[in-house]
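I opened this notebook to keep track of what I looked up, one topic at a time. The entries follow the order in which I went through the structure.

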Amino acid sequence: MSLQKLGLVELHKKFTAGEVTATEIVRAYFLRISQVESKVKAFVTQTEEAAYQQAECLDQKLKVWRKTHPLTGMPLAVKDNICTEGVPTTCSSRMLQNFAPPYDATVVSRLRSQEYILVGKTNLDEFAMGSSTENSAFGPSRNPWNLHCVPGGSSGGSAAAVAAEECVAALGSDTGGSIRQPAAFCGVVGVKPTYGRVSRYGLVAFASSLDQIGPITRNVPDAAFLLQAIAGHDPMDSTSVDRPVPDYMKALQKRDLKNVRVGVPVEFFTEGLDPEVEQAVRPAIGELKQLGAEIKEIRLPRTDAAVAVYYVIATAEASSNLARFDGVRFGFRAKETKDLLELYMKTRQEGFGPEVKRRIMLGTYVLSAGYYDAYYGKAQAVRTLVCQDFDAAFKDVDLIVTPATPTPAFKLGEKSEDPLQMYLSDIFTISVNLAGLPAIALPCGFSGAGLPIGLQLIGRAFEEDLMLRAAHAYEQSTAWHRQKPNLR
Amino acid sequence: MEITQQDVEKVAQLARLAVTAVEKETFAKQLTQILTHVDTLKQYDTTGIEPTATVTGQVNVFREDLKRLSLPVEKALANAPERESDGFVVPKIIEER
């Protein structure tokens with residue numbers, strides 16, 4: 001059996017037992033990449049040479065004393081908006097095409113301290129703004145299940161790389177569904193942790209009150225394993241929360257869902273939902289019941305407001321965060337400008353792509369004098385209502401189950417001309433970010449055309465353990481996650 | 001909400017973003033479409049509802065004001081588009097009389 005067929009937990013066991021060397025792992029993965037990457041286009045940067053060097057170093061060291069961390073020798077990919085010292089971090093933007101960060105993101109330094117191996121940096125929609133990777137300045141990634149379809153976004157490169165077995169697991173970031181939607185489209189597992197659970201230090205900021213980093217993996221135990229490595233308080237991110245991190249792997253041991261109440265929000269099963277998705281999600285809910293969960297119908301009446309609230313708040317925060325790209329200290333600078341104002345204006349015109357510009361414009365507009373109260377103030381108030389809906393629901397249930405996306409993966413080019421239609425494809429994931437809750441997307445079936453369909457479980461804040469346990473119980477009772485795309 | 005090309009021009013200036021004539025037309029159309037969707041928020045009564053800026057409930061996280069290592073000059077300047085000795089080069093800001 002080829003090494004790249006093993007999941008993260010399995011590979012870790014084999015490596016810890018000394019049955020395989022780091023060099024063998026790296027060789028297997030770069031062989032795989034050489035076979036499929038020209039089709040999938042998951043990576044912006046591959047770090048092959050450094051990976052081999054590091055693997056040799058590790059193998060030498062372990063010969064003397066075989067002491068390993070959970071991620072020692074594990075080949076991971078990192079979304080290209082997460083800073084890696086000395087390794088280009090482009091955000092798939094012309095603006096940062098030649099930017100090599102002078103420091104590591106906290107999640108990366110945690111992985112590094114565990115001696116992980118970086119395989120490469122994965123493609124995304126420019127500055128994580130999009131749902132398909134079509135907004136990447138370096139061209140879109142492809143869905144390994146159907147190369148004419150998008151992998152989803154914005155963490156589409158990470159999801160595609162995991163599905164195509166080009167890395168054992170990956171990190172993504174999720175502002176409105178950017179981990180869960182591509183995970184669902186590519187038939188893999190994606191976790192958006194509770195806001196504040198994982199440090200955002202070194203994640204290039206898009207919308208600071210919504211962004212979270214999380215794992216994209218082949219199965220639920222792998223997600224728990226990787227989340228364990230990155231979760232926890234960080235003094236460098238004042239919004240990260242100082243609370244103990246539970247033992248996520250231990251939480252998976254309980255295989256039934258007795259005494260767990262699972263809510264099904266009626267608002268998520270309306271006319272916008274593709275019948276094929278509903279036909280996969282309904283039996284999944286039945287399976288949760290079989291496992292002992294009590295299924296209850298619930299209401300989240302302000303669900304319809306989420307997309308509008310999101311596109312005011314996220315763009316407002318983005319317009320402020322992206323003000324730093326001014327061509328002065330780092331990144332792209334326009335040539336031959338006559339004064340400072342022109343330097344700013346031309347640098348930003350030439351450095352940013354259309355979607356980023358659109359969002360900067362929208363965000364600047366809703367924050368501008370005369371419109372602030374009507375748009376930004378209103379959206380913040382309706383955000384409170386969306387949070388109240390979840391608070392009320394979680395008085396009666398412990399978890400909420402929904403489809404992860406209204407449809408399976410769409411075709412490249414299908415929505416790229418219509419920003420609003422593209423925005424509306426995130427309708428099932430966005431409200432979770434507004435409320436700062438943890439959620440997981442995992443495979444629950446396939447469409448007639450053979451495209452994966454994803455289930456979403458939403459937990460209470462900081463209750464990733466229960467969410468992962470339920471997802472694992474479901475995964476154990478089905479075989480969807482064992483199906484692999486045929487990439488020849 | 002109807003966004004005109006003049007609105008686009010004004011906002012682009014605020015955002016320090018140069019826009020072409022074609023972009024002005026496209027953005028005016030697209031922003032109008034998106035803001036029309038955003039206008040659906042008016043149906044929600046938010047009288048007396050506190051705005052949510054962040055969800056963790058944390059305010060004013062302080063740390064001790066201690067001396068600590070910061071980025072060395074060479075590292076801070078490594079990505080500079082244009083540098084001279086220990087500084088970033090920018091166009092002249094102060095005008096001559």
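The entries below go from confidence to the contact between the chains, then to single elements and residues.

**Confidence.** I began by noting that this is a predicted model, and that its scores are ipTM 0.95 and pTM 0.97. For chain B I looked up the average pLDDT, which is 93, with 100% of the residues scoring at least 70.

**The contact between chains A and B.** I next asked how many residues each chain brings to the contact, and found 54 residues from chain A and 42 residues from chain B. On the side of chain A that touches chain B, the elements giving two or more residues are helices H10 (306–321), H11 (340–351), H12 (354–367), H13 (372–396) and H14 (419–424) of chain A. Of these, H13(A) gives the most, with eleven residues. Sorted by class, that side of chain A has 30 nonpolar, 14 polar and ten charged residues.

**Helix H13 of chain A.** I checked its length against expectation: at 1.5 Å a residue, its 25 residues should span 36 Å, and the end C-alpha atoms are 36 Å apart, which agrees. I also recorded a bend of about 30 degrees in H13(A) at A:Lys378, and A:Lys378 is itself listed among the buried residues of the helix. Other buried residues of H13(A) include A:Tyr375, A:Tyr376, A:Arg383, A:Asp389, A:Phe390 and A:Phe394. What covers these buried residues? The cover includes H10, H12 and helix H15 (430–435) of chain A, together with helix H2 (21–38) of chain B.

**Strand S3 of chain A.** I then turned to S3(A), residues 117–122, where six of the six residues are buried, so the strand is largely enclosed by the rest of the structure. I looked up its partners and found that strand S1 (residues 43–46) of chain A pairs with S3(A) in the antiparallel sense over three bridges, with A:Thr45 standing opposite A:Lys121. Strand S2 (residues 75–79) of chain A pairs with S3(A) in the parallel sense over five bridges, and there A:Ala77 has A:Gly120 as its bridge partner.

The peptide bond from A:Gly153 to A:Ser154 is cis, with omega near 10 degrees. A:Phe127 has a positive phi, near 55 degrees, although it is a residue other than glycine; with 29 other C-beta atoms within 10 Å, A:Phe127 is buried.

**B:Arg16.** In chain B I found a positive phi of about 55 degrees at B:Arg16, again not a glycine. B:Arg16 is placed in the loop between helix H1 (5–14) and H2 of chain B. Is B:Arg16 buried or exposed? I counted it as buried, because it has 21 C-beta neighbours inside 10 Å and the cut-off for burial is 20 or more.

**A:Ala223.** My last entry concerns A:Ala223 in helix H7 (residues 220–230) of chain A, which counts as buried with 30 C-beta neighbours inside 10 Å. Leaving out residues up to four places away in sequence, A:Ala223 touches A:Val189, A:Val191, A:Pro215, A:Thr217 and A:Leu468. A:Val191 is 32 residues from A:Ala223 in sequence, but 7.0 Å from it in space, C-alpha to C-alpha.

Conventions. Residues numbered from 1 in each chain as written. Chains lettered and ligands numbered in written order. Predicted model: local features only at pLDDT ≥ 70, side-chain atom pairs only at ≥ 80, totals over all residues. Contact = placed C-beta atoms within 7 Å. Helix = DSSP H or I, 4+ residues; strand = E, 2+ residues; numbered from the N terminus. Nonpolar A, V, L, I, M, F, W, Y, C, P; charged D, E, K, R; others polar. pLDDT = per-residue confidence, 0-100. Expected span 1.5 Å × (residues − 1). Bend = angle between axes of the 7 residues up to and from the residue. Buried ≥ 20, exposed ≤ 12 C-beta atoms within 10 Å, placed from the backbone. Pairing = 2+ DSSP bridges.
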